[in-house]
Amino acid sequence: MGGVVSMAKKVRYIRGTGIEKLDMKQEDHTLDRHKGIEHYKDILYQCGKCGTCRTVYQDINWARVCPSGEFGQFEAYYLGGKNLLTWGLTKNKLKWTDNLARIFYECSLCLACTQQCQIPELHTYAGEWLMAMREEAVRAGFGPMPEQKQYTKYVEELHNPYGEKHESRQDWFPSDAFQSPNAKLAYFVGCTSSYREKEIAISTVRILNTLGIEFKILENESCCGSPVYMTGQVDYARKIAEDNVEMFKNSGVEKIITSCAGCYRALKDIYPKKFGIKHGVEILHLPEFILSNLKNGTIKFKQNVNMKITYHDPCHIGRHMGIYKEPRAVLEEIPGIELVEMNRNKHNAWCCGSGGGVRSAFKDLSEFAARERIEEAKDTDASAIVSSCPFCLNQFKTNIKNDEIKAYDISQLIEKAIK
Amino acid sequence: MGEINMINSEIVNELGKVVGEKYVSDQPEITFLYHYDFITAEPEGICDIVIMPNSAEEVQEIVKIANNHKIPIIPWVSGINFGSTATPIKGGIVVDLRRLNRIIEVNEDDMYALVEGGTTWADLQGYLQKYHSDLRAGVTYSPPGTGVVASCLCYGMFDLGMLGGTGAEFINGLEVVLGSGELVKVGSCCLSDYWYGRQPLPDLAGLFIGWEGSTGIVTKAAIKLWPELPYRKYYFVLGKTIDVGVPVMLKLSKVGLGICDLVIINYGWLQSFMGANEKKVPKDPIEKKLPDFAGSITTQAYTQKQHEAQCEAIEAIFKEGGLFEPQGVGSEDLLGTLPIHFWSCWNFSRGGGGQWIGSYCSTRDIAKFYAIAREKALKYGHTPQFYSRILFGGHYCVARTNINFNKDDPKEIESARQVLKEIHEEVQSIDGVVMYKAPPWAHEVYEEKTLPATTELIRKIKKLLDPNMIMNPGHGWGS
């Protein structure tokens, strides 16, 4: 029974749930990430569309987990369906069509599905071919979606996907705030905080000023490229990455803090691992930075922020980067904060429905996902849903009706606590 | 396009008026996922149209349209089983029931859940965890995304099998759209709002159980639930061979002791449960002097004293029979979290393809069945995989053997077909071995063996319920 014993050691059993959770160590094929479909063709067909990808099993109160599938309903919209459509394409049983491309784009790439799948290689790599299919769709002339082409055009012309003027990117900067032109630390604001959720940028700047931390905002800050990359337009996304890294080098920064989940993942993960651009700049998400300063005593929360809140894990920070503890640890340190969890949280969190180009191209799906999450937040009796991503915040604020619950970014609560 | 050439955009439009155009499709990227099960070695079928109704009335309308055009209709929940019974082998309309997944009622007095036809085990488990944590449904060895009702209708079985028998025996009543389009109810629900059972009426549930969707589409079913007792223990025991272990398990099946589940598996199946890659574990454990028998014994009790007494007796029996509890298999981790929906084996040891000869038979023939399966699997270079569950207080059992294969490799698929048919042919030498969720070629064998008058009765029933023979053609008895 040696084999059984050794396998048992590689599987973590979750007490009381009746379900084992794969520790991602059972990979028989250890493959590179960020590759094309061909690289994964020998594992795609392991999928038997068993449906395990549809439901959260690792905790009590099993619940559906895939916004794309629950909205689209047909098998094609779940991970199992997408796995086998990809297989069908590689075996020439299917060919690229507008409809096939649409199926792959009608998904926020939140990867909640992969967390549920317990087939080792699919659990570990399915996200790679979901992304590779988008790249393939672009090459074949079927992607991205028209709305995504439009925002990409804005990025090309104006350096942001919102069609806003580049020169007004820092208009939000408070007149009484200050930055240090020679600082080695940069605050990478990102497009959504610069143009839509300016409170996040303002709060972040005020936090840094209050703490006396010298920083600067890059003079010519532009889109990080995440919305372009996520829609499979890798060639242009690579160009954006190269331009940004050149800017980092020219500005002399050694460390970057960002309050945006998408920018964080792009700078920290996509630039070096997908594009092979080693920029050597330390990248920190704001909660990571705050937590390290809480630990070394640089930061002390003084103000009581009386509020019962629930935390929404942004996909780019959570499942894509594995950061679950840090934002919670920061929130729990704030006096007066009562943090309660939604039924689906951490790696099982239900996506807000804004990422992966979904909000621009598939508004119905996007709204469906957001409403589901808002209802789940309300079930906790929290007075506010808090996230650490400007896109999530914008999504919640757009879809919350009649002030049914408040929505904040973590930076706003931190600012209140350190005043 | 399937055998029926009338399918066209007009029919899609007609169906779209019933369910809304979002929920019907003939686009190849959508229908591709319904054209076969993507797991077995059975031939692929053709899905012309897929549709997702949201009520029994919509199902009725769909069936009427299919009758008008004489188009095959295939009920579908997750489309996965080892007999390929939801593959549209003659083309037609696949009716994906996933929108019919509501849990309508949980009756705590009579302990049943009234669910819609497309409810999955995950849906039911989630609901019970949230609202009725003192009740439990059976836990299958299939993935949680599979259908509750489909499983019960096709004689699936659970971890409560020693108490209640197969899933079919868990069914209290059904609401069904017949192949003719009429809506019927069977069981106490046909004359009451209570779905407590099928007694004492004529048991018409038998018109739909074991027919593989060839007589009607079940839109609602009441499924028995069981109390969650406070004391429960899982034993995982090993023995040298299946021959050694089976008599002990059979003895345990006949002594009460609060035993609610008895499972026998061999080394190959155990490895599969654990998610091991078939190519990386010993094919023949006996040759390597590894234990080839593993048993799972579950007992439950209401009081601690009762529980301790039961456990003491169970341990005495398996020790006396030469079985032992292994050290270091993570019993704390594994057994403390049972029951588990074992989806690990659904990667089919990494080749993505698997099919079984899954049969019901007399408990006296468990070891005989395994011996045949083992010999044939090894002959063709497959890891022997065997599983048996003793059911309903030891009155009968299920015996199954799996053959895994690489579904990306046509030669392996062909080889799997060969070995499966050989095993099936050979186990027919054991009296009373009958496959469930059987593929069409197995049904042909049974129809030849069945009394002619019985076969004729089956055909008459089928014709009565499905006059145009449109329900899941090619599958099930009487097709």
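**View 1. Burial in chain A.** Buried residues make up 55% of the 419 residues in chain A (buried: 20 or more other C-beta atoms, placed from the backbone, within 10 Å of the residue's own). This is a predicted model: local features need pLDDT of at least 70, side-chain atom pairs count only at pLDDT 80 or more, and totals for chains, interfaces and linings use all residues. Residues are numbered from 1 along each chain as its sequence is written, while chains are lettered from A and ligands numbered from 1 in the order in which they are written.

**View 2. Fold and extent of chain A.** Chain A has 19 helices and 11 strands (DSSP runs numbered from the N terminus: helices are H or I, at least four residues; strands are E, at least two). Its radius of gyration, 21 Å, is close to the 22 Å of the globule rule for 419 residues, so chain A is as compact as a globular protein of that length (taken over C-alpha atoms; the rule is 2.2 Å times the number of residues to the power 0.38). Along the principal axes, the C-alpha atoms fill a box of roughly 60 × 50 × 50 Å.

**View 3. Contacts in chain A.** Of the contacts with a separation of 6 or more, 77% join residues 24 or more positions apart (contact: C-beta atoms, placed from the backbone, within 7 Å).

**View 4. Domains 2 and 3 of chain B.** Chain B is assigned domain 1 (9-96), domain 2 (103-227) and domain 3 (231-435); the bounds come from an automatic or database assignment. The C-alpha centres of domains 2 and 3 of chain B lie 26 Å apart. Domain 2 gives 14 residues to their contact and domain 3 gives 17. On the domain 2 side, the largest share, three residues, comes from helix α6 (residues 161-164) of chain B.

Notes
Two residues are in contact if their C-beta atoms, placed from the backbone, lie within 7 Å. A residue is buried if 20 or more other C-beta atoms lie within 10 Å of its own, exposed if 12 or fewer, and partly exposed in between; C-beta atoms are placed from the backbone.
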